[in-house]
Amino acid sequence: MGLVKLIADRTVFLEDGKALFDDSTKIFFNRPDKLIADFLSSMNFDCQQYKKINKYFYKI
């Protein structure tokens, strides 16, 4: 997922073939809804840790 964050401009999140999210990658990682947060946590992806990384890559 870190690679996605570094190289993707846009992220599409699919479930059962339906796009549940289609917007910028920055928004995907900065404002995850419950479904996205559950997905990221299932991959052992720490959203809080990623917010620290976001500040490095994006001026927020």
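What follows is a short exchange about a predicted model.

Colleague: Why is Ile7 called exposed?
Modeller: Exposed is the word for a relative accessible area over 50%. Ile7 comes out at 62%, so the label applies. Its place is in helix α1, residues 2-7.

Colleague: What makes Leu3, Leu6 and Ile7 a patch?
Modeller: A nonpolar patch takes side chains such as Leu and Ile joined within 5 Å, each residue with over 30% relative accessible area. Leu3, Leu6 and Ile7 form one on the surface, and together they have about 340 Å² of accessible area.

Colleague: Why is Thr25 called buried?
Modeller: Buried means under 20%. Thr25 has a relative accessible area of 0%, so it counts as buried. You'll find Thr25 in helix α2, residues 25-30. Setting aside neighbours within four places in sequence, Thr25 is in contact with Val4, Lys5, Ala8, Asp9, Arg10 and Thr11.

Colleague: What does the side chain of Thr25 reach at 3.3 Å?
Modeller: The backbone nitrogen of Arg10. The cut-off for a polar contact is 3.5 Å, and 3.3 Å is the distance here.

Colleague: How do you know that β1 and β2 pair?
Modeller: Pairing takes at least two bridges. Strand β1 (residues 10-15) and strand β2 (residues 18-24) are joined by six, and they run antiparallel. As an example, Val12 has Asp22 in β2 as its bridge partner.

Colleague: And what sits between the strands of that hairpin?
Modeller: Two residues, and in this hairpin Asp16 takes a positive phi near 55 degrees.

Notes:
Residues numbered from 1 in each chain as written. Predicted model: local features only at pLDDT ≥ 70, side-chain atom pairs only at ≥ 80, totals over all residues. Heavy atoms only, no water. Patch = residues over 30% accessible without salt bridge, like charges linked within 9 Å, V, L, I, M, F, W, Y side chains within 5 Å. Areas by Shrake-Rupley, 256 points an atom, 1.4 Å probe, with all protein chains shown as cover. Salt bridge = Lys/Arg side-chain N within 4 Å of Asp/Glu carboxyl O. Helix = DSSP H or I, 4+ residues; strand = E, 2+ residues; numbered from the N terminus. Buried < 20%, exposed > 50% of the residue type's maximum accessible area, 1.4 Å probe, protein only. Polar contact = N/O pair within 3.5 Å; in protein donor to acceptor, adjacent residues only side chain to side chain. Contact = heavy atoms within 4.5 Å.
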